[in-house]
Structures are given as structure tokens and as C-alpha cells.
Amino acid sequence: MIPLTHYLIVGALLFCIGLAIAITKKNIIVVLMGIELIFNAANVNLVAFSRYDPSLLQGQLYSLFVIVVAAAEAVVALSIVIQLFKYFKTVELNKISHLGDK
């Protein structure tokens, strides 16, 4: 049996990698991938802690809820990225300086 600390270490590593990607990268698509890694870190921790839950399925149900929210977030974010690309012709965050009229 794998101890809880291994799951927590994997979750912490995924969270740190996702946070580093979201902060340092300038491409919108890569930033979204970093945010998805952060959601996956939360899922790993929820499933790991569900083993110690007396009702056994609450962590997995929360994880399923996080997956649904992440999928909805990805759809909305990608549609925003497509609209930004149509308007600015780039996906680089530093080149998108304003969202109002020119």
C-alpha cells in the first residue's frame, strides 16, 4: 500500500509546477495548461484523503466535481483565447495590453 505522504508529495509537485507555469509563461495556452495542473493537484489530494474518510466516497465526488468545473473552465477559457486571437492575432500575454477600444 502506498502511504498518504507519497500522494501529498505528488500533489504538491503538480501544484508547484502548475503555479510556476502559470506565473512565468507568456503564452495563454500554456498558462491554461498550468492552471489545469493545479486542478489535477487538488484532485490527487482529494482522492488520497478520501481513503481516510469514513463514508469513503466524498473525496472522489469532490474530485469529480473539480473535473467538471475544470472542463467547463477550459471551454470558456479556450473560447476567450480564440476571440483574443481573432482580435490581436497573437496568444502572447505581454502583447495583449488592452481590451477596450483602440
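Alanine 12 is found in helix α1. Helices here are DSSP runs of H or I with at least four residues, numbered from the N terminus. The model is predicted, so local features need pLDDT of at least 70 and side-chain atom pairs count only at pLDDT 80 or more, while totals for chains, interfaces and linings use all residues. Residues are numbered from 1 along each chain as its sequence is written, and side-chain values use heavy atoms, with hydrogens and water left out.

**Helices α1 and α2**

- Helix α1 covers residues 4–24 and helix α2 covers residues 28–50.
- Their axes come within 7 Å and cross at roughly 165 degrees. α1 is therefore roughly antiparallel to α2.
- Axes are lines fitted to C-alpha atoms, for helices over the stretch in contact, with angles from 0 to 180 degrees between N-to-C directions.
- Angles under 35 degrees count as roughly parallel, over 145 as roughly antiparallel, 65 to 115 as roughly perpendicular and the rest as oblique.
- The α1 and α2 crossing is left-handed (the near helix is turned anticlockwise from the far one by less than a right angle).
- Alanine 12 has a relative accessible area of 39%, so it is partly exposed.
- Exposure classes use a 1.4 Å probe and protein chains only: buried is under 20% relative accessible area, exposed is over 50%, and partly exposed is in between.
- Alanine 12 and isoleucine 38 are 26 residues apart along the chain, and their C-alpha atoms are separated by 9.2 Å.
- Valine 30 belongs to helix α2. Its 25% relative accessibility makes valine 30 partly exposed.

**Helix α3 and the segment after it**

- Leucine 61 lies in helix α3, residues 58–88. Leucine 61 counts as exposed because its relative accessibility is 53%.
- Phenylalanine 85 is in helix α3. It is partly exposed, at 42% relative accessibility.
- Lysine 89 lies in the segment after α3. Lysine 89 has a positive phi of about 60 degrees although it is not a glycine. Its relative accessible area is 61%, so lysine 89 is exposed.

Note on methods. Helices (H or I, at least four residues) and strands (E, at least two) are DSSP runs, numbered from the N terminus.
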